[in-house]
Amino acid sequence: MKTALLIVDVQNDFCPGGALGVKDGDKIVPTINKIIKKFDLVISSQDWHPEDSVHFEKWPVHCVAGTKGAEFHPDLKSEKIDLKLIKGTDNKDDGYSAFEATNLSFANYLEENEITTLYICGLTTDYCVKETALDAVKNGIHTFVITDAIAAVNVQPCDGKEALNEMYSKGCILIESEDISDVL
Ligand code: VGL
Ligand code: ZN
């Protein structure tokens with residue numbers, strides 16, 4: 001039984017100044033950098049869209065594969081990442097969940113590596129963090145969401161809060177970064 005940290009979409013385009021910049025999206029980076037060393041295994045996801053994605057009928061063009069906007073926030077300790085997932089790579093789907101990664105089957109990876117617990121942080125609370133956390137629960141993963149290491153798009157002002165309620169009600173455990181124990 002192993003535990004991993006999953007860093008969802010901490011990419012330039014979701015940070016202030018980016019194409020789909022989220023309020024305080026960059027403020028979570030120091031918090032993530034602080035907890036990263038508690039984990040033996042660190043996994044990231046990146047939104048990685050083709051230019052002609054149907055996704056851009058709903059959203060401003062963001063995180064186009066290979067662009068600066070799709071890169072990790074420059075302060076994120078990305079050298080600590082053991083596995084990088086990309087998602088949203090098809091032009092016909094949104095690819096919100098890390099379980100929709102296209103470079104490998106994340107569900108198979110977790111099973112093969114006996115990872116039974118995930119701590120999830122990153123961007124955005126109301127889309128990719130939420131969809132990933134709910135899929136993790138569906139896959140039988142013990143799922144923690146780090147509440148001070150996420151930020152919401154808030155298309156509607158309460159979307160982030162409602163997303164947290166939904167994650168909690170569907171079995172995710174909400175935790176603050178300082179309450180994560182040292183030996184995982
Ligand atoms: C995301 C909106 C559009 C996310 C991705 O990473 O949460 N949100 N694409
Ligand atoms: Zn996207």
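1. Leaving out neighbours within four places in sequence, Gln 46 is in contact with Asp 9, Gln 11, Ala 70, Lys 84 and Ile 86 (contact: C-beta atoms, placed from the backbone, within 7 Å). This is a predicted model, where local features need pLDDT of at least 70, side-chain atom pairs count only at pLDDT 80 or more, and totals for chains, interfaces and linings use all residues. Residues are numbered from 1 along each chain as its sequence is written, while chains are lettered from A and ligands numbered from 1 in the order in which they are written.

2. Gln 46 sits in strand E2 (helices, H or I of at least four residues, and strands, E of at least two, are DSSP runs numbered from the N terminus). Gln 46 counts as buried because 24 other C-beta atoms lie within 10 Å (buried: 20 or more such atoms within 10 Å; exposed: 12 or fewer; partly exposed: in between; C-beta atoms placed from the backbone). From Gln 46 to Ser 169 it's 123 residues in sequence and 26 Å in space, C-alpha to C-alpha.

3. On to H3, residues 125-138: 11 of its 14 residues are buried, including Tyr 127, Cys 128 and Lys 130. The cover over those buried residues includes strands E1 (2-8), E2 (42-47), E4 (115-123) and E5 (142-151), plus helix H4 (159-169). Just past H3, Gly 140 has a positive phi of about 80 degrees.

4. Around ligand 1 you'll find Asp 9, Phe 14, Asp 47, Trp 59, Leu 123, Thr 124, Tyr 127, Cys 128 and Val 153 (C-beta, placed from the backbone, within 6 Å of the ligand). By class, that's 6 nonpolar, 1 polar and 2 charged (nonpolar: Ala, Val, Leu, Ile, Met, Phe, Trp, Tyr, Cys, Pro; charged: Asp, Glu, Lys, Arg; polar: the others, Gly among them).

How values were computed. Contact = placed C-beta atoms within 7 Å.
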